[in-house]
Amino acid sequence: MKRNRNSDQTLSKAHILLKDSLKGFLPRRPTTAGRQAEVDNLLSIAHGLDAQYVFGDSTVDCGSGTESIAPPYGVDSDGFSGRYTNGRTVADEIAMFLNLTSTLPYWVVDFKQYAFNPAGYGYASGPAGILPTTGSNSNYTISMTRQIELFGHAVKEHLPHRFGNSTHRISQHLANSIFAISIGARDFLDNFVYGAASKHNHEASQSIRDEFSNLLMTQLRTYIQDLYELGARYMIVFEIGPVGCYPVVRQKLGESEECSEELNSMIAVFNGKLYYELVALASKLPGTRFIIAKTFRVIYDMAENPFKYDLTNARDPCCEVNETGIYCVSFAEPCPRRDQYLFWDDIHLVGKANKLIASKCVTDSSVCLPITFEDLDGQLTMIVLSGQPEKNYLNNVLCLFLLFVHLILVTNLLYFPY
């Protein structure tokens, strides 16, 4: 059929109608800079950052809580204190790689000499979890909700003094800072190792795993959205590590020679949901830049293949553990050859392992995956920077349906342009 002179205009009408019908339905695709990040790494795309703000649990705690962490903790830290390891945390190490000074605990803002600290602050608290009830039996726990409240106080009360009450400068500072979030291991420890559910860990059904993961994800989503409302734009969110390989779990569940794959599989369910949750949030929160730190497989590989990492012991804690079954005996003699161990105490990694993880994170884009989205007018596809396909089958079916409608619409407009 010979097309009339208005056919190009007609096709344009059809495209506009389709585009309008899809607006708000389809996810947004990454920016050009975001797509380039597929082959880049954190070290190359996160240059020139102002500061690092840290939230979560003992994996990244820099002394934020009031709990006293006595030696041998910090024995190799060169002045770093309050860490649940012999050296630096993974957040400390990432800051070092990014040429940021190590994060100070949030309460130092009350001291005049730190009032204009450019490094950012740490709010992470040892026993904290995603669920508000996790760690609530400890007087030293700063819940995630409270951590964000404390950060909100800093945004409203401290940063205005530092930036001359300039809202624009404060927003710029926060948008140019990295927010590290590492939390969730304690939720699984409390509920499936120490809690009543521990008796049923090996019989936990897929529905129980999904239900628990969904509960955690709903709460974590709220935390991320709250940080976004306070100005956070660049967030690195860590997966929960393979808790089933921790010495405390091996001993508690009687699996001293092997990791508890039942517990690890539950955590893997959560980590899988975390990836797609960040994808969804990135498409909804304008200006966000997410990085998911896929540290589960890195730590699991260390536990299963320690010799690849120049480790000789990936089963036992390096230090002598006290009656809690978790922490080192206070003021005990530091264990020798600490760089040969994976675990410092019964649930925390040695500083060397944290440095290895941080190194992989900043140099290997398959470990720390960037996810950046921007609304590009007329684009009908979604690209995830890691290359993993979006598995939302309902969306795919609806997209096909709308494209089918589009073909019918084009045909009708060609035959009946007026």
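**Cavities, strands and loops: a conversation**

Biologist: Which residues line the second largest cavity?

Modeller: This is a predicted model, in which local features need pLDDT of at least 70, side-chain atom pairs count only at pLDDT 80 or more, and totals for chains, interfaces and linings use all residues. Residues are numbered from 1 along each chain as its sequence is written, and side-chain values use heavy atoms, with hydrogens and water left out. On a 1 Å grid over the protein atoms alone, a cavity is a set of points where a 1.4 Å probe fits but cannot get out, and lining residues have an atom within 4 Å of a point. For the second largest cavity, the lining is Asp57, Ser58, Thr59, Ala185, Arg186, Leu189, Tyr246, Ile347 and His348.

Biologist: How much space lies in the second largest cavity?

Modeller: Grid points are joined across faces, edges and corners, and a volume is the space filled by probe spheres set on the points. For the second largest cavity, that comes to about 50 Å³.

Biologist: Which residues are the closest to the centre of the largest cavity?

Modeller: The structure has three cavities of 30 Å³ or more, and the volume of the largest is about 280 Å³. Its lining is made up of 23 residues, and those closest to its centre are Thr59, Ser182, Tyr246, Ile299 and Leu349.

Biologist: How many residues of helix α11 are buried?

Modeller: Buried means under 20% relative accessible area, exposed means over 50%, and partly exposed lies in between (1.4 Å probe, protein chains only). In α11, the buried residues include Phe296, Ile299 and Met302. Helix α11 covers residues 295-304, and it is largely enclosed by the rest of the structure because the number buried, out of its 10 residues, is seven.

Biologist: How does the lining of the largest cavity divide by class, and how many of its residues are charged?

Modeller: Ala, Val, Leu, Ile, Met, Phe, Trp, Tyr, Cys and Pro count as nonpolar, Asp, Glu, Lys and Arg as charged, and the others, Gly among them, as polar. The lining has 11 nonpolar and 10 polar residues, and the number of charged ones is two.

Biologist: What about the open spaces: which residues are the closest to the centre of the largest pocket?

Modeller: A pocket is an open set of points with protein on both sides within 12 Å along at least five of seven lines. The largest one has a volume of about 340 Å³. It is lined by 15 residues, and the closest to its centre are Pro127, Asn137, Ser138, Arg186 and Tyr327.

Biologist: Which residue of β5 stands opposite isoleucine 178?

Modeller: Two strands pair if DSSP finds at least two bridges between them. Strand β4 (residues 178-182) runs parallel to β1 (residues 52-56), joined by five bridges, and glutamine 52 has isoleucine 178 as its bridge partner. Four bridges also join β4 to β5 (residues 234-238), again parallel. In β5, the residue opposite isoleucine 178 is tyrosine 234.

Biologist: Which residues of β4 point the other way from Ile178, Ala180 and Ser182?

Modeller: Strand β4 is mostly covered, with five of its five residues buried. Ile178, Ala180 and Ser182 point one way, and the other way point Phe179 and Ile181.

Biologist: What is the distance between the side chain of serine 125 and the backbone nitrogen of isoleucine 142?

Modeller: Serine 125 sits in the loop between β3 (121-122) and α5 (144-162). Its relative accessible area is 1%, so it counts as buried. Contact means heavy atoms within 4.5 Å, and among the residues serine 125 touches, beyond those up to four places away in sequence, are Asp57, Tyr140 and Ile142. From a polar atom of the serine 125 side chain to the backbone nitrogen of isoleucine 142, the distance is 2.8 Å.

Biologist: Is aspartate 339 buried, partly exposed or exposed?

Modeller: Aspartate 339 is found in the loop between β7 and β8. Leaving out residues up to four places away in sequence, it touches Asp310, Leu311 and Lys352. Its relative accessibility is 41%, so aspartate 339 counts as partly exposed.

Definitions and conventions: Helix = DSSP H or I, 4+ residues; strand = E, 2+ residues; numbered from the N terminus. Polar contact = N/O pair within 3.5 Å; in protein donor to acceptor, adjacent residues only side chain to side chain.
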